[in-house]
Structure formats: structure tokens, C-alpha cells
Amino acid sequence: MGKIKVENVTKIFGKHINSALKLVEQKKDKTEILKQTGATIGVYDASFTVEEGEIFVIMGLSGSGKSTLVRLLNHLIEPTSGNIYIDGENISKMNKQQLRTIRREKMSMVFQNFGLFPQRTVLENTEYGLEVRGIPKEERRLKAEKALENAGLLPYKDQYPSQLSGGMQQRVGLARALANNPDILLMDEAFSALDPLIRKDMQDELLDLQQKVRKTIIFITHDLNEALRIGDRIALMKDGKIIQIGTGEEILTNPANDYVRTFLEDVDRSKVLTVENAMIRPMSVNIELDGPKVALKRMRDEKVSVLLAVDKKRDYIGYITADDALEASKRGEKSVMNIVRVDMPTVPPDMLIQDVLGIISESPTPVAVVKDRKLVGVLIRGVVIQALSSNSEGVQLVEQYT
Amino acid sequence: MSNILDSMPRLPVADLTENVMDWLTDSFSPLFNFFQKGGKSAMEFITEMLIAVPPIIFIIIVALIAFFATRRKFGLAVFTLVGLLFIYNQGLWEELMNTITLVIFASIIAIIIGVPIGILMSKSSVAEQIIKPILDFMQTMPGFVYLIPAVAFFGIGVVPGVFASVIFALPPTVRFTNLGIRQVPRELVEAADSYGSTGWQKLIKVELPLAKSTIMAGINQTVLLSLSMVVIASMIGAPGLGREVLSALQRAQVGNGFVAGLSLVIFAIIIDRLTQSLNKKK
């Protein structure tokens, strides 16, 4: 049972809605319906389920119907046909009073241009939701101040929205939504009006927040990088239709059609690819069994100058270099134990490539990929750069090595 | 050809209107009487109160209001001081007080009627389509015409003057209220809705505050229009500066006409700037 369930929802704007709806049932496409009836399809037969505590991203270019879809969820726009269930209750069948209760208690919305009331102070904006619910002044003031404090905005509570920067205004927008303590947050292009750096900060804050409070979040965006960064699952929309739903990984590795594929070409791959995608199989020596001679032979065979050192359980220990192995062999040592170096950086496999680029460029050695102390792979500079450089070739290259 | 046109009997529009007016006057005469008596005594009371204030104190108070309303600038305050002293000096003080009463009454009634109609128009496109042509009609019909039903209903005097002024001055308030509410950004209306506001909460907490400056611009127009009606209303016996203009006209006294007209202009400028600066104030 999902938190939000959308069932065959269609929204048609304009005249001749009934005949347009018939054409929708016959699976005619948007332009044909527009030509025949003059009606515009906002959302076309959308169905999906959002689980509790999930960040569900709806992504599409402008005109794809994503903003209409999110407004259908709280009935700011009424669907032409289909059903929307919140916690199993069909909101399409609710009267005004019931719908108001849902809006007041279950879901809050955050807007692209912040939707703050200019004549109200930050504090008065934050308590708006509580105010319309009829919560006593003292209580709502406390709750609103708490919400502002969590957002680090308490010192600004008596300012007017126009006195704050865009990022701060949107923090107020978010604080206003959270002051209501809703289960569901609807975020309509919430960060799209912010400049890129602030935007990234806000995404981080949202993710931190989600760690703490676990809301069900519907996040609308036209930016694929943003979608991949924050979405647990992503629904891709075009011409009012949902064309693919899946995790970022699923959509990237398995685009449903050419449209999705062209969409993905714009992605900055460093923000999507993880270490796992770019690492290669490590050449290793077992420090408990192998001696310097074995190590040297393996280096010659594999044409490498460094081997990673592991123990019997394949736990990562360090690495040995060709020079050290040669000298140890000359000294007649039987084990590589004494020449293991430990100054190689290690990273976990699920880290984003963009976050390890700095480590890779600063390290004179390759970087070990370690998961639960086990050595799972190694990052070599050349391969990482190739993986980032061009889409398909890079992926193929990575696949070859892994 | 012209025979065909001439052979058509004249449609009895004028007679019909007259019959309707007669019926209204007969059926509702107690009501009209009540308004006439009540309105007259209320307005006379206000005028007497205003006259009872020593003119020099009155002038200083208005000048101070002008000073603070324009954020401590001297321009309007000095103009008010000099202008009002001039009117007093010309012996038109009592007439000015009568005019103020008439303008205040007509404007307040127009606002009380106009704002709710404007709200209704903004909420319902059907209402907008019905009311808009009526407003056009009200604004294009020459102001004199309103004097006729005003006299029929209320006889002569200040009350029919207010009645005609209200009709004449109503449209801007209605239009601007409608416009102001419709201009509230969509996102803010959605924000109000998405937090579960009732219609009233949305109107009181979001729409009216945001439409306030537009509505005030409409009210400013209404006040000025009702002032412009003062001269016309004097034709049916409304007292005030208008009556001076009218009698100067009837006796072809250019000088008196100019002085009374100038007084009206001074008063118009003062209330126009005052209502505008009240609107600008945060």
C-alpha cells in the first residue's frame, strides 16, 4: 500500500473535454487530440505509486505536464478522469471540507518562486498554515519559531520576504511547509529559481532533512542532475505522459526509449557514475602466501608497477611497488610482509566519481576501493577520465575492465 | 424609403422608463422618505460639526496630516495651508464644509457598495460579464441624467445629490477591486489554497492585502469623481462650493465663478494627494 497512489489520471484543458477524453481512451496522441478537438492534454493517463518516506522525482521539460501533475495531487487542479489516493483515501471523491483537512494536515507545498506573502513577515509566513487551521496564536508562534530555528532563520523572523535572498526565501518556504508537520511535501521546481551553488546547498539540506524527518516528498524538476542527485525514484514525463519510472541507475542504464536517451546525454556523468562504475579489477598479492619473486612475476605479466596487498580473507592491507619487491628479492626475503606500504588512499564503491576526482588527482598511487575492509577494486586515473569523457565509449571501457 | 422608416411607430422607451420610475417612487416612497430625512439630518449634523471647529485649527490639523502622510515633506503641507486659508479668505468656508460632507458621504457609500461588488466580479466570471456593461453604461451616461431619478426619489437637497454622486462615482472602485484581486499572483493564490485556506481566509489574509494598493487607486478615483459631481448636484439644491459656481454661472459673474472654481480645484488637489500618499505609505 503506497502513501500516494495515482490511477489512470488524465487532465484535459480547454473545450470539448468529453470528446478529447474519448480519444485518450483510444490511445490517440497529444497533437492529434489537439488537432481534432482543440483540447490540450495536461496529463495523459498517469499511474504510479509513491511509497512512504520516498523522494519521488517527477522530471520533464516545460510543457511536459509535471507541474500539472503535482497540482493534481493536492487538487489545486481537478483531474478530468482517474483517481488519486492518499493513504488509501480517494481524494477525487472528497468534498471541499475533507479536501481542506487533507491539505491542512497531510500535505504542504513548496513553490518555484517561493509563494511567500509579501505583506507578511517571515514569521507570519511560516505560521500561515497553522493560522488557517485555527491553532491558537501562542502555540502557532512557538511552532513557527521552531521551524525557523531548524532552518537557521530565526534571526530573520521579523523581516519581510523581499529583504531576503532567494535561497533564504526558499528556506522560509520550506520552513513554512514543515511547520505544518505534514506527511507529504510537494515541491514544485522548488530549487529551479536559485543559482547553482545555492541550489546544491539546498539539495544537500533537503537530503539531510530527509535523513532526520522522513517525509514522503514529491519533487518536480526539469534538471536531470538534480533528479539523479536527490531522487529515490524518478518518473520521466513527456507530452503529459509518464514514459519511464525507475531509480536513477535504472533509467541511466536502461533508457525506455530514444527520448529518454537524448535526455540523458546532457547528464554530467561525474554526478551519476559511482566509483563502482569506474573501478577495475585489482592486481593483488597475498601477503601471507606470496613472496617477492611471485609478486615480480605477476607485475611483469600484468605490466603494472604496483600490486595491492591483501590477506587470506582478501582484507585490504596496503600495496607493494616493483622497486621494493626487486630489492627484497635481492636480499633473499621469502615474504613481502616487510615491504608493504600503507599510504594509499581508499574509497568506498558507492561514492560519486565527482567526489573522488580530487583524491585521485592528488594521489601518486592508484586508489583502492574497499568495502567492509575487503578489497573490491582499484581506481586508475586514466580509466576514470575515459569513463567520464564520452558517454557510451566510457561505459564500454569500464565494462571491459570490470 | 423614408416612408417605411417613418411608418414605424416610436417605441415607448421614454414612457416605459417613466412608468417604472413612477411605480418605484410610489411603492417605495416611505423608504425614500426615510433615507431623505435620515440622510439629511446626518449630513447636516456632520456639516455643523465641521463648521463648529475653528477654521484655523481645522486648517492646521489638515496641514499636519498632509505633512505626516507625505513622510514629512513640506510641499503638500504648505499647499494645504495656503489653499485652505485662501478659501477661508474668500468667504467660502461654510460652502467648503458642505462639500466635504457631501464628498465623504458619497465616497463612503460608494466604497461600501463598490468593494463587495468588485470582489464578487473577481470571483465569478459570469458576474464580471454581467456587471461590466452596467459599469460602462453608468460611466458613459451623462452625470446630469442621474439627477432626474434622484429628484424623483428624494426630492431636492443634499440627499439626492449624494445619490447621484454615488452612482456616478461607483464604477472605479468596482473595477479596481476586481482588477486588484485578479492580479494577485497565481502562485500566491495557490499557496493560500494549498495550505487549506477557506475562501474567506484567502480573501482576507491574502487577496485583499495584496490588492490593497490597486483598490486604493480606485477609491482615489471615486473620491475625485464624487467631487466633480458636486457642481452638477448643486442643480438640484445640494449645498456647497458647486452652488457658488452655479449661481455665478446664472448671473454671469466671471470673478465669483473663478474663485469658487479655484476653491474646488484646491480642495480636489488636497484630497487627491492625501489619498494617494496614504496609499503609498507602508
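Me: Within what distance do the axes of helix α7 and helix α9 of chain B come, and at what angle do they cross?

Reply: Helix α7 (residues 125–140) and helix α9 (residues 158–182) of chain B have axes that come within 9 Å and cross at roughly 145°. In general, the angle between the axes and the distance between them describe a pair of packed helices. Here an axis is a line fitted to C-alpha atoms, for helices over the stretch in contact, and angles run from 0 to 180 degrees between N-to-C directions. Before we go on: this is a predicted model, in which local features need pLDDT of at least 70, side-chain atom pairs count only at pLDDT 80 or more, and totals for chains, interfaces and linings use all residues. Residues are numbered from 1 along each chain as its sequence is written, while chains are lettered from A and ligands numbered from 1 in the order in which they are written.

Me: Is the crossing of α7(B) and α9(B) left-handed or right-handed?

Reply: The crossing is left-handed. That label applies if the near helix is turned anticlockwise from the far one by less than a right angle, and right-handed if clockwise.

Me: Which residues in α7(B) meet which in α9(B)?

Reply: From α7(B) come B:E128, B:L135, B:M138 and B:Q139, and they meet B:I167, B:L170, B:P171, B:V174, B:R175 and B:N178 of α9(B). Two residues are in contact if their C-beta atoms, placed from the backbone, lie within 7 Å. This contact has six nonpolar, two polar and two charged residues. The nonpolar set is Ala, Val, Leu, Ile, Met, Phe, Trp, Tyr, Cys and Pro, the charged set is Asp, Glu, Lys and Arg, and the others, Gly among them, count as polar.

Me: At what angle do α3 and α6 of chain B pack?

Reply: Helix α3 (residues 29–52) and helix α6 (residues 93–123) of chain B pack at about 135°, with axes 9 Å apart. The pair is therefore oblique: angles under 35 degrees count as roughly parallel, over 145 as roughly antiparallel, 65 to 115 as roughly perpendicular, and the rest as oblique. The crossing of α3(B) and α6(B) is right-handed. On the α3(B) side the contact is made by B:M43, B:I46, B:T47, B:L50 and B:I51, and on the α6(B) side by B:E94, B:M97, B:N98, B:I100, B:T101 and B:F105. Seven of these residues are nonpolar, three polar and one charged.

Me: How many helices and strands are in chain B?

Reply: Chain B has 13 helices and zero strands. Both are DSSP runs numbered from the N terminus: helices are H or I with at least four residues, strands E with at least two. The C-alpha trace of chain B spans about 65 × 65 × 45 Å along its principal axes.

Me: Now for sheets. In which order do the six strands of the open sheet in chain A stand?

Reply: Strands of a sheet pair through backbone hydrogen bonds, either parallel or antiparallel. In chain A the order is β6-β7-β8-β3-β9-β10, with mixed pairing; two strands pair if DSSP finds at least two bridges between them. At the edges stand β6 (107–110) and β10 (241–246), each with a single partner strand, so one side of each is left without a neighbour in the sheet. Neighbouring strands are turned by 15° against each other on average, direction ignored. β6(A) and β7(A) (residues 184–188) pair in the parallel sense over four bridges, one of which joins A:M109 to A:L186. Helix α8 (residues 166–179) of chain A lies across β6 and β7 and runs at about 175° to β6(A).

Me: How many bridges join β15 to β16 of chain A?

Reply: Five bridges join β15 (residues 367–371) to β16(A), and the two run antiparallel. A:V367 has A:L379 as its bridge partner, and A:V369 stands opposite A:G377. The two strands form a hairpin with two residues between them, and A:D372 in the turn has a positive phi of about 50°.

Me: How many residues of chain B are in contact with chain A?

Reply: 14 residues of chain B are in contact with 15 residues of chain A. On the chain B side, α10 (186–194) and α11 (199–233) are the elements that give two or more residues. α10(B) gives the most, with six. The chain B side divides into six nonpolar, five polar and three charged residues.
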